[in-house]
Structures are given as structure tokens and as C-alpha cells.
Amino acid sequence: MPIDKFTVLESTYVPLPIENVDTDQIIPARFLKATSREGFGENLFRDWRFNPDGSVNKDFILNDPKYAGKILVAGKNFGSGSSREHAAWAVNDYGFKVVVSSFFADIFRNNALNNGVLPVVVSPEFLSKIFEAVEKDNKQQLVVDLEKQSILLNGEKEVFEINPYKKNCLLNGFDDIDYLLDKKENIVEFEEK
């Protein structure tokens with residue numbers, strides 16, 4: 001699955017104000033049999049989106065039609081637990097291009113960046129404002145600017161950190177191999193010296 005170039009994303013968002021969401025909640029282990037990245041989105045938060053009998057859980061936020069967008073806003077400590085890359089695949093395949101939280105597990109953050117999903121860490125105070133804003137207006141939007149490393153809510157801006165290499169990769173739509181191929185001329189020139 002190619003990685004899309006990321007510059008600025010302005011979108012409504014889906015609030016998931018749950019803390020300590022682990023990778024087994026993001027994509028349950030029983031769905032990890034596939035080896036390609038496609039198709040995991042249909043099982044994102046499977047055990048929360050559906051009841052044990054397979055019927056839709058109308059109380060879960062992803063099943064509420066008033067919330068939509070390419071940004072998922074989650075509670076503190078998103079992506080903890082096992083190191084499964086499938087969790088990032090599921091988030092991306094569902095259609096989320098950004099996940100906002102006040103803290104990410106390191107392995108999930110790296111897996112997300114490697115798969116074209118931008119994890120944005122904000123302060124707990126700013127996260128609370130994001131949740132409050134969407135509660136008042138479900139059409140509320142966030143603006144995420146990767147170049148400026150900023151997230152904007154109703155004119156209020158917060159800056160986030162990102163590894164410069166991963167920032168470059170996302171801006172250009174590169175995975176690690178694409179990055180190396182882009183540097184091929186430099187590598188050949190270096191080898192010739």
C-alpha cells in the first residue's frame with residue numbers, strides 16, 4: 001500500500017475519549033492472519049463496534065453517524081500492548097490519517113509513522129479542549145499542518161514534535177525503501193568516490 005504525501009489535513013474528527021487503548025482493542029488478535037495491509041479497517045475496534053452476536057453496537061462512537069472525518073482523537077496512552085503493526089494498518093485502512101492523543105506507546109507511534117498515519121501528541125489540556133469542542137459541535141474541524149508541526153482548533157494552535165526523518169518521509173509519501181531510492185544518485189556518487 002503506497003503512502004500518501006501528507007502536508008496539511010483539515011477535517012472533522014471522531015472523538016474516542018478512552019484512555020489506555022491497547023493494540024488488541026484496536027485490532028483483535030483473531031484478525032491477524034492476513035499478511036497484506038488491506039482489509040484491516042473493517043475490523044478496527046471490532047469488539048467495541050459489534051456486539052457478541054455480530055450486531056452493530058449503536059453506542060460505540062464509530063457507529064454514530066454524526067461523527068466522521070480523517071482524524072481520530074483518542075484518550076491518553078493510545079496503542080499500548082503488543083507490537084503488532086496490524087494496529088496501524090487497521091487505523092489507516094479505516095480512513096484515519098491522523099491520530100491525536102496526549103501520549104502514544106512508542107511502538108504504535110513508530111508503526112503508524114511507517115504506515116502513513118501521523119500520530120500527533122498534544123498536551124492534556126489541549127486534548128480536553130478538542131473533546132469539549134466536538135461535544136458542542138460535531139462538525140468541528142482540526143487543521144494539522146505537518147510542515148509547521150502544528151494542530152489548530154478554533155484559532156488556538158499547539159505545536160507537536162516529530163522525528164525529522166519521518167517528517168520528511170510523510171511529506172514526500174516515502175516509506176523507508178522509497179527514501180533510499182530517492183537518494184540513489186547520492187549513494188552512487190558516494191560509492192564512486
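**View 1. Phe78 and its surroundings in the predicted model.** In this predicted model, Phe78 touches Leu16, Val21, Ile26, Phe45, Leu72, Val99, Ser101, Phe103, Phe104, Ala105 and Phe108, when residues up to four places away in sequence are not counted; a contact here means heavy atoms within 4.5 Å. Phe78 is also, together with Phe45, Val100 and Leu118, one of the residues with the most contacts inside the largest nonpolar core, which has 53 residues. Helix α5 (residues 124–136) gives the most to this core, with six residues. A nonpolar core is a set of buried Ala, Val, Leu, Ile, Met, Phe, Trp, Tyr and Cys residues joined through side-chain atoms within 4.5 Å, and buried means under 20% relative accessible area, exposed over 50% and partly exposed in between, with a 1.4 Å probe and protein chains only.

View 2. Eight aromatic pairs are found in a search of the whole structure, where rings of Phe, Tyr and Trp (its six-membered ring) pair if their centres lie within 6.5 Å, and planes under 30 degrees apart count as stacked, over 60 as edge-to-face and the rest as tilted. Phe45 and Trp48 form a stacked pair, because their ring centres are 5.6 Å apart and their planes stand at 5 degrees. Trp48 and Phe60, with centres 5.8 Å apart and planes at 55 degrees, are therefore a tilted pair. Since Trp48 lies in helix α2 (residues 46–49) and Phe60 in the loop between α2 and β2 (71–74), this pair ties together parts that are twelve residues apart in sequence; helices (H or I, at least four residues) and strands (E, at least two) are DSSP runs, numbered from the N terminus. Ring pairs thus link Phe45, Trp48 and Phe60 into a cluster, in which Phe45 counts as buried at 0% relative accessibility and Phe60 counts as buried at 7%.

**View 3. Gln149 in the loop between β5 and β6.** Gln149 is found in the loop between β5 (141–145) and β6 (150–153), and at 15% relative accessibility Gln149 counts as buried. Leaving aside neighbours within four places in sequence, Gln149 is in contact with Glu158, Val159, Phe160, Glu161, Ile162 and Lys167.

**View 4. Helix α6 and the residue that follows.** In helix α6 (residues 164–172), the buried residues include Lys166, Lys167, Cys169, Leu170 and Leu171. After α6 comes Gly173, whose phi is positive, near 70 degrees.

**Notes.** Residues are numbered from 1 along each chain as its sequence is written, and side-chain values use heavy atoms, with hydrogens and water left out. As the model is predicted, local features need pLDDT of at least 70 and side-chain atom pairs count only at pLDDT 80 or more, while totals for chains, interfaces and linings use all residues.
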